[in-house]
Amino acid sequence: MDETKTSVQSSLFPASKKCRAQIDTVCLGTGRFLRSVLIPPLLACEFKPVIIQTRGRSFLEYCVERYDNKNKTGKGKEESEGDFLITYEVDTVEYDGKVTSEEVGCYGAGTMGSKQGIKDVLSLLNDMDKISIIGMGVTEAGLSSPKCKTMADLAQILHRIYTLLSSSSLTCPNPNGKICILNTDNVPQNGTTIYSHMKHIATNDYNEEPQFLEFLETKVAFCDSMVDRITSQRPGSNGLVPRCEPIPNKCLVVEDLHADLPNKFYEDDMKRKFGFVIRTKPNQLSTDIDLKLRVANGTHTAVAHVMSISSILQTTALSSSSSISSLLLQ
């Protein structure tokens, strides 16, 4: 664990240089979509992510409490290369209504909601050997303007990465050498929107470093994406434990027109096990979004109204052979 001592713990990152060096993915924001939809496929691809809050520290405190409890009970491990530093919970409501829970691993948690938290994050970047992915797990409001704190935080992280890459202290092993930014919100053209905000910040706040703008244009892939997994929260968890439907066929759809994503994302298991779908041609993602918003969401809304009026509590009624099922599907 990070050994920086403050009155309030500002991060939960590996303490040893060796363990810090292995981290290759930074996730900004702690949204339920990011934790349930993006982190699992990242781990399956053998990436090593940390999760960083932008303003608050509720997720950090949740992780610190779980970390401390494991050490108190003797279930914690000594810090070693390759081990998860922490885990968090994700619930799934199965098709039969049964709720199952799993623990998802992570390599650290932090916050950019304090000066010390920001210092810890930048220090971690300094100790990393490579960077492949930046995950975004913020609300739509966080992408609404280049003046949002989330966008300022992302620009600060990208600027530090730019500096480290320029000095060859950090590398990007992706196929085209571009860091891929993957979003887990449902803002249309979310990657394009973030790129526009980053260009605005680079032009206005880093105007004495034109090379930073060139870095954003040539060394970062701002991928557009769509999330489609119903995700709420465990009752009483204050949003800290996602509660989801089973993984659908299209859980996270990412547009990768120039083959910038790491090759492991293209393996069959990514789609089969995690619903991670890659679109490589123009307009394919737009079709996915249209199908979700106009067909799937519209159908779900209509059926939900009928189910409510009919006092039907479980969607399993839709898959039965009863007369009620026939009526609903008509």
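This note goes through a predicted model point by point, from its strands and helices to its salt bridges.

1. Basis of the values. Local features are described where pLDDT is at least 70, side-chain atom pairs count only at pLDDT 80 or more, and totals for chains, interfaces and linings use all residues of this predicted model. Residues are numbered from 1 along each chain as its sequence is written, and side-chain values use heavy atoms, with hydrogens and water left out.

2. Strands β13 and β14. Strand β13 covers residues 252-255 and runs parallel to β14, to which four bridges join it; strands here are DSSP runs of E with at least two residues, helices are runs of H or I with at least four residues, and both are numbered from the N terminus. Two strands pair if DSSP finds at least two bridges between them. Within this pairing, valine 254 stands opposite isoleucine 278 of β14.

3. The two faces of β14. In a regular strand the side chains alternate between the two faces of the sheet. In β14 (residues 276-279), Phe276 and Ile278 lie on one side and Val277 and Arg279 on the other, and all of these are buried, with both faces of the strand covered. Buried means under 20% relative accessible area, exposed over 50% and partly exposed in between, with a 1.4 Å probe and protein chains only.

4. Helix α6. The 16 residues of α6 (residues 190-205) should span 22 Å at 1.5 Å a residue, and the end C-alpha atoms are 22 Å apart, which agrees; the expected span is 1.5 Å times one less than the number of residues. The buried residues in α6 are Asn190, Gly191, Ile194, His197, Met198, Ile201 and Ala202. They cover an arc of only 135° around the axis, so they sit on the same side of α6, the arc being that of the directions from the helix axis to the C-beta atoms. Among the elements that cover these buried residues are α5 (149-166), β8 (179-183) and α7 (210-219).

5. Aspartate 153. This residue lies in helix α5 and is buried, with a relative accessible area of 3%. Leaving aside residues up to four places away in sequence, aspartate 153 touches Leu28, Thr54 and Met112, where contact means heavy atoms within 4.5 Å.

6. The structure holds 15 salt bridges, each defined as a side-chain nitrogen of Lys or Arg within 4 Å of a carboxyl oxygen of Asp or Glu. In one of them, the closest N and O atoms of lysine 17 and aspartate 127 are 3.0 Å apart; lysine 17 is in helix α1 (residues 17-21) and aspartate 127 in helix α4 (residues 115-127), 110 residues apart. Lysine 17 is exposed at 57% relative accessible area, whereas aspartate 127 counts as buried at 15%.

7. Glutamate 89 and arginine 234. Their side chains meet in a salt bridge of 3.5 Å, N to O. Because glutamate 89 lies in strand β4 (residues 86-93) and arginine 234 in the loop between β11 (231-233) and β12 (242-244), the pair ties together parts that are 145 residues apart in sequence. Glutamate 89 is buried at 17% relative accessible area, while arginine 234 is partly exposed at 22%. Both belong to a network of salt bridges that also links Arg66, Lys70, Asp91, Glu103 and Arg243.

8. Arginine 272 and aspartate 269 meet through their side chains at 2.3 Å, N to O, and, being three residues apart in α8 (residues 268-274), they are separated by about one helical turn. Arginine 272 counts as exposed at 62% relative accessibility, and aspartate 269 as partly exposed at 29%.
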